[in-house]
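Please look over the sequence and the model first.

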Amino acid sequence: MAELRGARAGSGGPAPLPQTGWERLRELWRRDEQQQFPEETVNIAKAAFTAGVVGWLYGGLPAFVSARKAFIESSHGEMFQNRADAVQSAHRAGLRSFIRYGWRWSWRVAAFATMFNVVSTGLSAYRDKTTISNFAAAGGFTGALFRMHLGLQGLVGGIVFGTAFGVPAGGLLMAMYGLAGETLQEKRSRERRELYEQKLAEWQSRLSMTEILGQTESNAQGRPEMERARELKSY
């Protein structure tokens, strides 16, 4: 079977389907014929952006309210030109805190979500199946990576926290896949197989047409020689 695939690929046939985990992993970061990345890779980027926005709002909005309130409480003795000037000063103080603490939370949440999705997606592609254990392992690895600078205790705590996050997150995603009827990995494998079969059928059709044309041409070249041979015999 491997020799047949190699012969097809070497004679202009469609590229064979990935057979090993490493081949499926490499395919995650490879553009297709339309110069587009796989859906799993695009979802990682979308999730990172969404996590960054959520983290910014989570860290920035409370900081904005707190800083604005603190500015109002601490500026009773200050003189302002008018009420609008006082309101603008309070808003500027809140905005500075919103940007500062929003960014602090944003990049952390985005990095955690990105690492979690990269590991879980990579495990699903390598194993060619999506299970809860993939998300649990991804959560534990990501948590350990974020807390390893705190020593052994932080490392263990990060693994526990990440696993506790990965299991329910994976369960939620698996439930969504169940409603959809197939996981992303199953969808990817099905689409890859259908595309391969389509290209194989087209290649076989072209190959058959080439053989027919070659046989027709050889027959056309052989007829004059046969006629000459008959003429020589009759002569």
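## Overall fold

The structure is a predicted model. Its chain contains seven helices and zero strands, so that, by the DSSP runs used to assign elements, the order from the N terminus reads α-α-α-α-α-α-α.

Of the 235 residues in the chain, 28% are buried. The chain exposes about 16,200 Å², and carbon and sulfur atoms supply 62% of that area. Among contacts with a separation of 6 or more, 65% are between residues 24 or more positions apart.

## The largest pocket

Rolling a probe the size of a water molecule over the atoms shows where empty space is left. In this model, the largest pocket has a volume of about 1,000 Å³. Its lining consists of 34 residues, and those nearest the centre are Ala113, Phe116, Asn117, Phe165 and Leu173. The elements that contribute two or more residues to this lining are helix 3 (39–74), helix 4 (83–127), helix 5 (132–147), helix 6 (151–180) and helix 7 (184–234).

Helix 4 provides the largest share of the lining, with 11 residues. By residue class, the lining of the largest pocket comprises 19 nonpolar, nine polar and six charged residues.

## Aromatic rings

A pair of aromatic rings is described by the distance of the centres and the angle of the planes. The count for this model comes to nine aromatic pairs. One of them joins Phe116 and Phe165 in an edge-to-face arrangement, at 5.4 Å centre to centre and with 70 degrees between the planes. This pair links distant parts of the chain, since Phe116 belongs to helix 4 and Phe165 to helix 6, 49 residues apart.

The two partners are also among the residues nearest the centre of the largest pocket. Phe116 has a relative accessible area of 5% and is therefore buried, whereas Phe165, at 36%, is partly exposed.

## Ser97 in helix 4

Ser97 is located in helix 4. Is Ser97 buried or exposed? Its relative accessibility is 15%, and because buried means under 20%, Ser97 counts as buried.

Which residues does Ser97 touch, leaving aside its neighbours within four places in sequence? Ser97 is in contact with Ala63, Phe64, Ala67 and Gly102.

Terms used. Residues numbered from 1 in each chain as written. Predicted model: local features only at pLDDT ≥ 70, side-chain atom pairs only at ≥ 80, totals over all residues. Heavy atoms only, no water. 1 Å grid on protein atoms, 1.4 Å probe; cavity = no way out; pocket = protein on both sides within 12 Å on 5 of 7 lines; lining within 4 Å. Points joined across faces, edges and corners; volume = space filled by probe spheres on them. Helix = DSSP H or I, 4+ residues; strand = E, 2+ residues; numbered from the N terminus. Nonpolar A, V, L, I, M, F, W, Y, C, P; charged D, E, K, R; others polar. Buried < 20%, exposed > 50% of the residue type's maximum accessible area, 1.4 Å probe, protein only. Contact = heavy atoms within 4.5 Å. Areas by Shrake-Rupley, 256 points an atom, 1.4 Å probe, with all protein chains shown as cover. Phe/Tyr/Trp six-rings, centres within 6.5 Å; stacked < 30°, edge-to-face > 60°.
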